[in-house]
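Dear colleague,

Please find below the structure that I was asked to pass on to you. My notes on it follow directly after.

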Amino acid sequence: MKFALVFALFGCALAMRDQSIAVTGKLVCGQNPAKEVRVKLWEEDSDTVSMNYLTLGPDPDDLLDQGYTDTEGKFLLSGGTTELTPIDPIFKVYHDCDDGVLPGARKVKFGIPKSYITEGKVPKKTFDIGIINLETIFKNEEREMIVSKRSIRARRGGINEEMDDTAVLKRIQILEQEQKEAEEKRKISVSKKDSSESDSDERFF
């Protein structure tokens, strides 16, 4: 039994893979940009991780990235994690749009299509969620009683940094460059593989 447990854990470790996701968009409150709104990118996990007959225990949610919208209501979040199964990326917004004097903040969340999940630590695609009017009453909306109201910040690589409009734009450019470089590496790898297969076919004939 002990051997089976060790073998299962070893197999699980081998199956773990890096996965990443990115989301961008713009938030508005009616006709005005929703600036300095708290946004977070989460990976929501199931209660437990199972592998065949073996239950490995609880799998906690992972905070992939967080920040605030800029003065135009725009945002960009990206992050990744290592998981056994495909991740479940969730975009969450904490806001006070059309909320009167109620305590806390309105909390809404949006699922991100799994087709935008890419392998590796750097996202190769970015999901554009478009323009969201936070006046909308969303289904299954919740309330968050404690929400940070600090100046616009974003978490990147474990380091908190002040983010103004210029910094947000620069971050978008960096992410686009990283995605471009990752795509170029992928194309080179495919080209080498095709070339190798072609040489092998020639030797065969």
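In this predicted model, lysine 125 sits over the face of tyrosine 116, at 5.3 Å from the ring centre.

Next come the contacts between aromatic rings. A pair of such rings is described by the distance of the centres and the angle of the planes. The structure holds four aromatic pairs. In one of them, the ring centres of phenylalanine 75 and phenylalanine 91 are 4.7 Å apart and the planes meet at 15°; since planes under 30 degrees apart count as stacked, this pair is therefore stacked. Phenylalanine 75 belongs to strand E7 (residues 74-83) and phenylalanine 91 to strand E8 (residues 89-95), so the pair ties together parts that lie 16 residues apart in sequence. Phenylalanine 75 is buried, with a relative accessible area of 3%, and phenylalanine 91 is buried as well, at 0%. Together with Phe110 and Phe138, Phe75 and Phe91 form one aromatic cluster.

The last topic is the disulfide. How many disulfides does a search of the whole structure find? The search finds one, and it joins cysteine 29 to cysteine 97, with an S to S distance of 2.0 Å. The link is right-handed, with 85° about the S-S bond. Cysteine 29 is in strand E1 (residues 17-29), whereas cysteine 97 is in the loop between E8 and strand E9 (105-111); the pair thus links distant parts of the chain, 68 residues apart. Cysteine 29 is partly exposed, with a relative accessible area of 25%, while cysteine 97 is buried, with 6%.

Yours sincerely

Methods. Residues numbered from 1 in each chain as written. Predicted model: local features only at pLDDT ≥ 70, side-chain atom pairs only at ≥ 80, totals over all residues. Heavy atoms only, no water. Phe/Tyr/Trp six-rings, centres within 6.5 Å; stacked < 30°, edge-to-face > 60°. Helix = DSSP H or I, 4+ residues; strand = E, 2+ residues; numbered from the N terminus. Buried < 20%, exposed > 50% of the residue type's maximum accessible area, 1.4 Å probe, protein only. Lys NZ or Arg CZ within 6 Å of the ring centre and 35° of its normal. Disulfide = S-S within 2.5 Å.
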